[in-house]
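I shall present one structure today and discuss a few of its side chains.

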Amino acid sequence: SWLVGERAGTGITVELDPVDAEDPDVSEYHYLPNTHALAERLRSCLQESEDLPKDFTQLFDDTLFKFDTNLIPEAVQLYEQLNVKHEPLSLIPPQFETPLPPLQPAVFPPTLRELPPPALDQFDL
């Protein structure tokens with residue numbers, strides 16, 4: 001078969017598993033579009049839009065992002081529905097995690113120079 005054996009000029013040898021040699025399990029082909037041919041046949045796409053209103057501010061939707069107090073009564077009713085006390089929040093003191101243990105000063109003993117050896121005439125031989 002064209003798949004088995006040495007590939008021409010590449011030095012790569014393809015061998016099938018001896019168990020599947022008679023009936024190899026080859027996956028389906030994945031067809032790729034011919035992008036070169038598609039690039040030669042360009043087509044434009046025009047899209048019709050709705051007529052714009054004379055007052056362009058009607059195009060903005062202010063209800064998406066607004067700050068007001070309309071939802072406060074509904075939030076207060078949720079306390080009763082969920083059986084939760086309605087009380088002001090208390091401050092929980094933070095507990096900061098220290099990534100390193102507390103630092104201690106490092107103390108090293110002084111480095112003393114050694115005395116030179118005695119002169120040769122002072123050695124007891």
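Predicted model: local features only at pLDDT ≥ 70, side-chain atom pairs only at ≥ 80, totals over all residues.

**Aromatic side chains and a surface patch**

Let me begin with Phe56, which is exposed, its relative accessible area being 54%.

Which residue forms an aromatic pair with Phe56? To start with the count, the structure holds one aromatic pair. In that pair, Phe56 is joined with Phe60 in an edge-to-face arrangement, with 6.4 Å centre to centre and 80 degrees between the planes. The pair counts as edge-to-face because the angle between its planes is 80 degrees, and the cut-off for that class is over 60. Phe60 is exposed, with a relative accessible area of 54%. The word "exposed" applies to Phe60 because its value is 54% and the class requires over 50%.

I now turn to the surface patch. Ile72, Val76, Leu78, Tyr79, Leu82 and Val84 form this nonpolar patch, and together they have about 510 Å² of accessible area.

Leu78 lies in helix H2, which covers residues 72-81. Tyr79 is found in helix H2 as well. Is Leu78 buried, partly exposed or exposed? Leu78 counts as partly exposed, because its relative accessibility is 40%. Tyr79, at 31% relative accessibility, also counts as partly exposed.

Finally, which residues does Tyr79 touch, if we leave out those up to four places away in sequence? The contacts of Tyr79 are Val84, Lys85 and His86. Of these, Val84 is itself a member of the nonpolar patch.

Note on methods:
Residues numbered from 1 in each chain as written. Heavy atoms only, no water. Patch = residues over 30% accessible without salt bridge, like charges linked within 9 Å, V, L, I, M, F, W, Y side chains within 5 Å. Areas by Shrake-Rupley, 256 points an atom, 1.4 Å probe, with all protein chains shown as cover. Salt bridge = Lys/Arg side-chain N within 4 Å of Asp/Glu carboxyl O. Helix = DSSP H or I, 4+ residues; strand = E, 2+ residues; numbered from the N terminus. Buried < 20%, exposed > 50% of the residue type's maximum accessible area, 1.4 Å probe, protein only. Contact = heavy atoms within 4.5 Å. Phe/Tyr/Trp six-rings, centres within 6.5 Å; stacked < 30°, edge-to-face > 60°.
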